[in-house]
Amino acid sequence: MKEYWQEIRALMMRWVRRLSREKFSMLFTLVQPMLFWLIFFGNLFQRAADTQVTQAPNYISFLAAGVVVMTVLNNGLAGGVDLLFDKENGFLERLMSTPIHRSSVILSRFIFVMTITSMQVLVILGVAFLFGVQPATGLLGIATILLIGMMFGVGLTAISMAMAFSVKSHGDFFSVLGFLSLPMIFLSSALVPLTAMPGWMSFLARFNPMTWAIDAVRPLILSGWSEALPHVGMVVVVLLVFDALCLYGGTKAFRRAMG
Amino acid sequence: MDRTIAISVSHLCKTYDSHKAVDDLSFHVYAGEVFGLLGPNGAGKSTTLRTLITLLHPTSGTATVLGHDTVREADMVRTMIGYVPQERAIDRFLTGREHLELLGALYHLTKMEATKRIAELLKLVELEAHADRPAKTYSGGMKRKLDLACGLLPDPKILFLDEPTLGLDVQSRLRIWEYVRMLKARGMTVVMTTNYLDEADQLCDRLAIIDGGKIKTLGAPAELKIALGGDIVSLTIKETARIIALAAAVRGQPAIRTVNATATGLDIRVESAEKAIPAILDAANRLDCRLEFIDYHRPRLDDVFIAHTGRRIQDEVSNGNVE
């Protein structure tokens, strides 16, 4: 157990160092979601969006939940990228030829991605606060939002890692990634409530785990516990199933890639 | 001579879909020797190496490293070996020291053990002055030295090198050779893959020539050359169109063993050059085939390679074929 922790800590340290030495990349990773979506998109649609439709005091407060979950989505789907590069340049082989627990590399990556994502979510909620969005459920609500984010993020990171271990080239990886992320956002309740979508889109959006996550995070920010709790209960069940499926697939891909 | 066996490979096969990357390989590596796997790209060298370091499971057959099975006792094997992958297996954002610290933790060294060991290794590969610079500022040779230090960090009983000097400049290459010799002098067992004949000839105590997933021949470089017997007569022919005709005319003459057509002429293995050369010149005259250059020499490792695989090691590289 002590050895296990020594391995994971050392591998996590590596991810932290990599990020801290890519200053620009770090800045853009952290700033992009709030800059593009919350500040620009949120303010842009402030008057164009109908508060009768969004059922929120203003569009930014409606959008905040969507941006939180979008951040989880993007970080999760990109979570396997570093492992992809490690696989391609042989670093992963070097790690795997050492007497470590086979799961250490992956676990270190999960912990790292979840930590970064949680920090970003907190920053986004902070920026939203500056625009007058005050989470209705307080600190406990924020903790719940982080929990939902992490549960969703685990499954997404598993998908990303499974892809990293399975693809033939990193070109494939990034095209699939690009293909997945925008439709996931548009076919969810991130930008528009389901009730305001064309029928076929809202139908598809119902199968998107992202919709479930957003529908739980949004009342936590806008309404309060009484309205949020049933959604939170629901999303925990949905995400448990989602995570189980993704982890199962991820483990299979990892086993196959590791001989 | 009774020697300790460090690695034992028995009927090893590795199949990808329907392609046999390694086909019924059996050999031993003795403790304390430098053992080479020589062959063109795609011959099965790396597959064999990756099986020995527990990263691949064989389709059939077994491999044991210091008496431990590479599949069932993989963890045990991993604690006793060091691995130097092909170049670029380096995190460009980490410094040299951080690479070694990471591996120190993965081999479960204590902080004190690691610090001491890292200082020794940095000194050994002469990277002390650059230890705290990110690896992206390193030259190819420096990266290779760091690779080597990483492989040596666990103080392994056996060191595995995958194409240790691929793409290096001459200086760095000779430096790596020196390190390998030094490690051998310290009693370490070294297993390496290479597709450089001179490297195999210079460094390896014994080597296996691998082609198409099979061992074509195995032995000490000197033995392999002697076993070939006789001399090699090499002809360079001006009109390359006549190579085939001349080959046919020479074949079967007394004192001639085998005839091999090359891109520019013929490589002819003969009993003795004195007897064979007149016959060869005679045949060339009869065919009115002008010889640009003629040379004869004792068998070299490339002749051994041609004799056992039927082609030059670089042919395939230049044709870009992948088996």
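**Exercises on a sheet and helix of chain B**

In this predicted model, α10(B) is followed by Asp288(B), whose phi is positive, near 55°. Residues are numbered from 1 along each chain as its sequence is written, and chains are lettered from A in the order in which they are written. Local features need pLDDT of at least 70, and side-chain values use heavy atoms, with hydrogens and water left out.

**Exercise 1.** Determine the strand order of the sheet and find its edges.

*Solution.* Helices (H or I, at least four residues) and strands (E, at least two) are DSSP runs, numbered from the N terminus, and two strands pair if DSSP finds at least two bridges between them. On this basis four strands of chain B form an open antiparallel sheet in the order β12-β13-β11-β14. The edges are β12 (256-261) and β14 (291-297) of chain B, each with a single partner strand, so one side of each has no neighbour in the sheet.

**Exercise 2.** Describe how β11(B) and β13(B) are joined.

*Solution.* The antiparallel strands β11 (residues 231-237) and β13 (residues 265-270) of chain B are joined by six bridges; Val233(B) stands opposite Ile268(B) in β13(B).

**Exercise 3.** Check the span of α10(B) and list its buried residues.

*Solution.* Taking 1.5 Å times one less than the number of residues, the 14 residues of α10(B) should span 20 Å, which agrees with end C-alpha atoms that are 20 Å apart. Its buried residues (under 20% relative accessible area, 1.4 Å probe, protein chains only) are Ala273(B), Ala276(B), Ile277(B), Ala279(B), Ile280(B), Ala283(B) and Ala284(B). These pack against β11, α9 (243-250), β12, β13 and β14 of chain B, where contact means heavy atoms within 4.5 Å.

Methods: Predicted model: local features only at pLDDT ≥ 70, side-chain atom pairs only at ≥ 80, totals over all residues. Buried < 20%, exposed > 50% of the residue type's maximum accessible area, 1.4 Å probe, protein only.
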